Amino acid sequence: MAEYDYDVIFIGAGPGGYVGAIRAAQLGLKTACVESRETLGGTCLNVGCIPSKALLHGSEKFAEAAGGALARYGVKLGKVELDLAALQADKADAVKGLTGGIEFLFRKNKVDWLKGTGTFKDAHTITVAGKDYTAKEVVIATGSSVTPLPGVEVDNDKGIIVDSTGALALSRVPDHLVVIGGGVIGLEMGSVWRRLGAKVTVVEFLDALLPGMDGDVRKEAAKIFKKQGMELKLGTKVTGVTVKGKKATLTVEPAKGGAAETIEADCVLVAIGRRPNVAGLGLENIGLELNARGQIDTGHDFRTSVDGVRAIGDVIPGPMLAHKAEDEGIAVAEYIATGVGIVNHAVIPGVVYTNPEFAGVGLTEEQARELGEVKVGKFPMMANSRAKTNHEPDGFVKVIADAKTDKVLGVWAIASVAGTMIAQAAQAMEFGATSEDIAYTCHAHPTHSEAVKEAAMAVVGKPIHI
Ligand code: FAD
Ligand code: NAD
């Protein structure tokens with residue numbers, strides 16, 4: 001009889017756990033994945049990436065039609081009305097299709113789904129729904145949840161103070177949505193409800209939106225979102241929210257101190273970050289300690305300090321992104337099966353899926369300058385023929401290269417399709433490209449991607465179209 005029930009058990013079926021489980025099974029390991037939700041796919045497929053992108057896409061269509069942007073193309077419309085229930089049904093359909101798809105992939109690859117909450121009994125034994133399962137290796141992929149704001153109580157059912165899950169499920173367009181936190185969630189969800197007709201105010205503690213992104217990108221973001229009608233209160237902190245009936249009153253004051261003011265809203269979105277899911281895992285039963293930020297530290301091969309226990313995805317340090325979790329899932333399975341796995345944490349793109357999209361990979365200009373001398377090339381989307389033709393003037397591409405070696409250190413883009421454009425930059429960086437390599441790569445015309453080539457040409461001061 002085998003020593004263990006499984007070669008590997010993944011706890012959590014988000015992009016980290018489900019991808020890792022499938023790869024482990026493909027590599028011949030007997031694999032199970034524990035998931036307490038009723039559907040697979042984790043935060044990303046159920047209440048994150050996918051439903052938010054469905055609403056972003058749908059709301060963009062509505063805004064195009066309602067805002068008259070289609071008239072110049074000869075598309076004549078009568079009165080445009082919003083059927084929010086239909087939009088929400090389209091979102092639900094996308095989620096259902098994709099989460100069901102993971103269930104199919106589990107069956108196809110013979111991954112056992114252990115339904116319920118997994119708790120460590122010891123390092124090789126996980127209790128799920130009252131039954132013990134053993135494995136040679138256990139991978140923690142339990143993801144993250146919304147960081148609460150002390151004194152501000154989220155109640156998604158009431159729909160007045162909500163987190164991202166509540167903001168994805170509103171059954172009416174708020175009159176005034178106040179977003180606490182000008183990060184990725186705040187701007188994506190703020191964009192959705194702004195396009196559907198809400199007044200949107202973003203209250204951000206720092207002096208700029210989108211922490212972690214390049215300084216130029218952050219400055220431009222503020223201009224673009226203001227132009228789109230969002231009110232931005234930067235350098236401002238929320239000190240309290242009270243709810244009376246269907247109205248919320250927020251008290252805010254300058255982050256650096258000063259006079260307080262109040263803002264009335266009928267919906268408040270708390271989007272101040274996310275924190276690792278570790279409660280209830282029974283980490284105390286295996287002696288696994290967390291770092292100061294409540295995350296699980298691992299080595300390059302995702303081993304934790306406890307033998308036989310590894311961790312990946314949002315629960316470990318690094319950007320909380322689905323593709324980072326997926327790549328770690330593949331790598332951890334490969335480490336377990338073969339002893340070798342690869343994730344290049346220096347080249348993980350990030351994208352904000354607003355319109356335009358904000359994307360970047362590698363170092364910001366500020367980070368690069370701290371490390372040494374750099375050359376920077378910038379090209380405006382206004383001078384890109386395709387963006388200009390499509391009436392998409394906002395944004396730019398910026399290429400940051402090492403001044404001595406010309407090696408590309410970072411690429412940043414604001415453009416309608418920046419999320420797609422950034423893939424070529426990531427690939428170039430993965431291959432150790434110089435800005436000259438990008439500049440001399442033939443790019444199809446007319447495409448938005450030509451702006452990446454032109455920004456690379458601008459590194460040596462020789463773009464063609466500006
Ligand atoms: P998760 O996806 O969080 O999955 C963990 C799973 O583990 C969950 O299903 C949970 O139920 C389960 N679990 C937890 N504890 C236990 C337990 N003890 N037993 C059993 N099961 C357990 N990222 C992007 O890259 N692109 C985007 O566009 C994007 N959009 C987002 C939009 C929103 C609104 C949010 C909230 C997040 C978004 N993200 C996006 C982030 C992305 O969702 C996460 O980075 C990603 O889901 C992390 O994957 P994971 O596998 O580590 O964890
Ligand atoms: P975030 O870290 O992107 O932004 C949170 C913002 O809230 C920061 O700008 C921070 O300064 C601000 N903040 C913190 N406390 C505050 C306070 N008291 N008052 C006002 N502002 C305050 O976090 P998020 O937007 O909640 O997103 C969480 C995670 O989910 C992110 O790490 C992100 O990677 C991931 N995510 C990714 C995508 C995507 O890839 N498109 C989309 C959504 C979420």
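I began at Thr 236, which stands opposite Pro 254 in S13. The model is a predicted one: local features need pLDDT of at least 70, side-chain atom pairs count only at pLDDT 80 or more, and totals for chains, interfaces and linings use all residues. Residues are numbered from 1 along each chain as its sequence is written, chains are lettered from A and ligands numbered from 1 in the order in which they are written, and side-chain values use heavy atoms, with hydrogens and water left out.

Strand S12 (residues 236-244) and strand S13 (residues 247-254) run antiparallel and are joined by eight bridges. Strands here are DSSP runs of E with at least two residues, helices are runs of H or I with at least four, and both are numbered from the N terminus. Two strands count as paired if DSSP finds at least two bridges between them. S12 and S13 make a hairpin with two residues between them. In the turn, Gly 245 has a positive phi of about 60°.

**Entry 2, the open sheet.** Next I traced five strands in the order S18-S19-S22-S21-S20; they form an open sheet with antiparallel pairing. Strand S18 (350-352) and strand S20 (374-380) stand at the edges with a single partner strand each, so one side of each has no neighbour in the sheet. Gly 362 has Gly 410 as its bridge partner in S22.

I counted 37 residues around ligand 1, taking a residue as near if one of its heavy atoms lies within 4 Å. Glu 35, Thr 43, Lys 53, Gly 118 and Ala 322 come nearest. I then checked polar contacts (pairs of N or O atoms within 3.5 Å; within protein, one must be able to donate a hydrogen and the other to accept it, and residues adjacent in sequence count only if both atoms are side-chain atoms). A polar side-chain atom of Thr 43 is 2.6 Å from a ligand 1 oxygen. For Ala 322, a backbone N or O atom lies 2.8 Å from an oxygen of ligand 1. A side-chain N or O atom of His 323 is 3.3 Å from a ligand 1 oxygen. Alone, ligand 1 exposes 990 Å², and the protein buries 93% of that (Shrake-Rupley method, 1.4 Å probe; for residues, only the protein chains shown count as cover). H2 gives the largest share of the shell, four residues.

I found 21 residues around ligand 2, with Ile 185, Glu 188, Glu 204, Gly 273 and Val 351 the closest. A polar backbone atom of Ile 185 lies 2.9 Å from an oxygen of ligand 2. Gly 273 also places a backbone N or O atom 2.9 Å from a ligand 2 oxygen. For Met 320, the distance from a polar backbone atom to a ligand 2 oxygen is 3.0 Å. Ligand 2 taken alone exposes 840 Å², of which the protein buries 79%. Helix H6 (residues 184-195) gives the most to this shell, three residues. Why does ligand 2 lie between domain 1 and domain 2? Domain 1 (6-146 + 275-338) and domain 2 (161-272) both give residues to its shell, so ligand 2 lies between them. The domain bounds come from an automatic or database domain assignment.
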